[in-house]
Amino acid sequence: MNLKEYLSEKRKLLEPFILDYLKSKRGSNSNLAYLDDAIEKLEKFVTQGKMLRGILVLASCEMFGREISNQELQIAAALELTHSALLIHDDIMDNDLKRRGNPTIFAQYISQATQVSDPKTYGISQGINVGDISLFYAYDLLSNSTNDVKLNRKLVKFFTEELVKVGAAQMQDVAFGYSSENPNTEDILSVYKYKSGRYTVSLPLVMGAILTNQDNDTIKKLDKFGEKLGIIFQIKDDELGLFGNEAEIGKPVGSDIRENKKTIFRSLLFQKADSKQMNFLNTVFGNGQLTQEEIVRVKKLLSELNVVDEVNQTVQELLLDVRSILSNLDISKSSKNLLEEFIEYNLNRKV
């Protein structure tokens, strides 16, 4: 089975499981009038995604000979609801009105606030609440995913530690955005590692390994494999945000420029630009009225100053480590082939 078939097969298990879980929470408290609306929005939001994190949990379990049951699906669903919560909050912080081609959660509440004096603040507040609810449901799923109390504590502990790192790295990312200083590449890659890299790949793979009682050496290898591949995943996201197709990625190209996000592309670009180029860059990064022509000019500079080539070199160095770790993992050939396909998918994806 190739990766495309695997993702499709496991999605057919995971998506209805998540929807059934959320459906079970509808009407659970008639005194909480807004809860059903929040759940309805979550149902649509969660199922619009690729569900990669949840599916990686299932893949990790199967790598170690575990058949998929409700227990594994609960953990996978918990990661998907966590991912949704983080995206909902991230869209608020970035003031992104579109996600996956649709209005973001807080933007939906803004459009609904026809009788409210301050629709934007209302939308932001309600968006935060929906993100919180999604995260709380994730903990509900995770807290009773296994009858083994010791194992469950280990799962929740690792999960919580990783989410704290995500929150701290997000704070650093926000601070970078508001600062006039230009962080170096090392600092940016550190944010990538903890903000999205580890929870995108390390967290789901290690959760599966913990659930199947793998030894510490195997867990450490999976952890490092996921961490480095997760950094590549974030770099690819930055690349798509600059060079992707807006219809495919589901959000405006150039939003990172408008928001003055301190990406690896921006860091290297500012290091290499001359004084004339810097004058231009300082007028466009952080400019909410950014034009299409200005985005094209930034992209041209990224190529002319060899920024794209240097970023690709960083990716290639990470890839060497990723493939070295994969070769030393004690898993079946078919599992290694699946992970190798996931590496290639990550490198070549368009969304």
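The model is predicted, so local features need pLDDT of at least 70 and side-chain atom pairs count only at pLDDT 80 or more, while totals for chains, interfaces and linings use all residues. Residues are numbered from 1 along each chain as its sequence is written, and side-chain values use heavy atoms, with hydrogens and water left out.

Rolling a probe the size of a water molecule over the atoms shows where empty space is left. On a 1 Å grid over the protein atoms alone, a pocket is an open set of points where a 1.4 Å probe fits, with protein on both sides within 12 Å along at least five of seven lines; lining residues have an atom within 4 Å of a point. The largest pocket has a volume of about 1,100 Å³, a volume being the space filled by probe spheres set on the points, which are joined across faces, edges and corners. Its lining comprises 47 residues, and L87, D90, R99, D237 and K251 are the closest to its centre. Helix α4 (70–94) is one of the elements that supply at least two residues of this lining, and α4 gives the most, with eight residues. Here helices are DSSP runs (H or I, at least four residues), numbered from the N terminus.

The second largest pocket holds about 280 Å³ of space. Among the residues that line this pocket are M93, D173, Y178 and R258.

The aromatic contacts form a second topic. Rings of Phe, Tyr and Trp (its six-membered ring) pair if their centres lie within 6.5 Å; planes under 30 degrees apart count as stacked, over 60 as edge-to-face and the rest as tilted. By this rule there are six aromatic pairs. One of them joins Y139 and F159, edge-to-face, at 5.2 Å centre to centre with 75 degrees between the planes. Because Y139 lies in helix α6 and F159 in helix α7, this pair ties together parts that are 20 residues apart in sequence. Buried means under 20% relative accessible area, exposed over 50%, and partly exposed in between (1.4 Å probe, protein chains only). Y139 is partly exposed at 27%, whereas F159 is buried at 0%.

The rings of F270 and F285 also form an edge-to-face pair, because their centres are 5.3 Å apart and their planes are at 85 degrees. F270 is buried at 10% relative accessibility, and F285 is buried at 12%.
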